[in-house]
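Try each task before reading its solution.

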Amino acid sequence: MYSESELQAALEGSRAWNEILSPQEKAAQEFMKIEGVGERTAMVLATTTSLGGTQHRDRDSLAKWAAEDGGAMLKRFLLTSEEMPENVLLWPAWPARFVPRILSHLGCEN
């Protein structure tokens, strides 16, 4: 079930990275380059179809879609979506600092 590296990482309490990434994993890695986006939020952004009805595979795709309404729908998603990790939504710095940074990084001034 597990490769040798995955088993070793599990025993050490760390993570194993597969050299062959799924499209969603590649997208998540791309989204983690956006200031304020952590691993779990990146995975949500990479797997959701709530942002324009399709999965976004890279930062440019997400930015282009978000720009259509100045980032309003993305902002609403980041602040209220049930897909977002609950601890992120409850974190006071999330709406005050991080969501504006994400929107700014994507070229949205909303």
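Buried means under 20% relative accessible area, exposed over 50%, and partly exposed in between, with a 1.4 Å probe and protein chains only. The model is predicted: local features need pLDDT of at least 70, side-chain atom pairs count only at pLDDT 80 or more, and totals for chains, interfaces and linings use all residues. Residues are numbered from 1 along each chain as its sequence is written, and side-chain values use heavy atoms, leaving out hydrogens and water.

**Exercise 1.** Find what share of the 110 residues is buried.

*Solution.* Apply the cut-off above. Buried residues make up 31% of the chain.

**Exercise 2.** List the helices and strands in the chain.

*Solution.* The chain has 7 helices and 0 strands. Along the sequence the pattern reads α-α-α-α-α-α-α.

**Exercise 3.** Describe the largest nonpolar core.

*Solution.* Start with the rule. A nonpolar core is a set of buried Ala, Val, Leu, Ile, Met, Phe, Trp, Tyr and Cys residues joined through side-chain atoms within 4.5 Å. The largest core holds 27 residues. F31, L45, L62, L74, L78 and W94 touch the most other members. Next, assign helices. α2 (23–31), α3 (39–47), α4 (59–67), α5 (72–80) and α7 (93–105) each supply at least two residues of this core. The largest share, 6 residues, comes from α7.

**Exercise 4.** Name the residues that L62 touches, not counting those up to four places away in sequence.

*Solution.* Contact means heavy atoms within 4.5 Å. L62 touches F31, L45, L51, H56, L74 and L106.

How values were computed: Helices (H or I, at least four residues) and strands (E, at least two) are DSSP runs, numbered from the N terminus.
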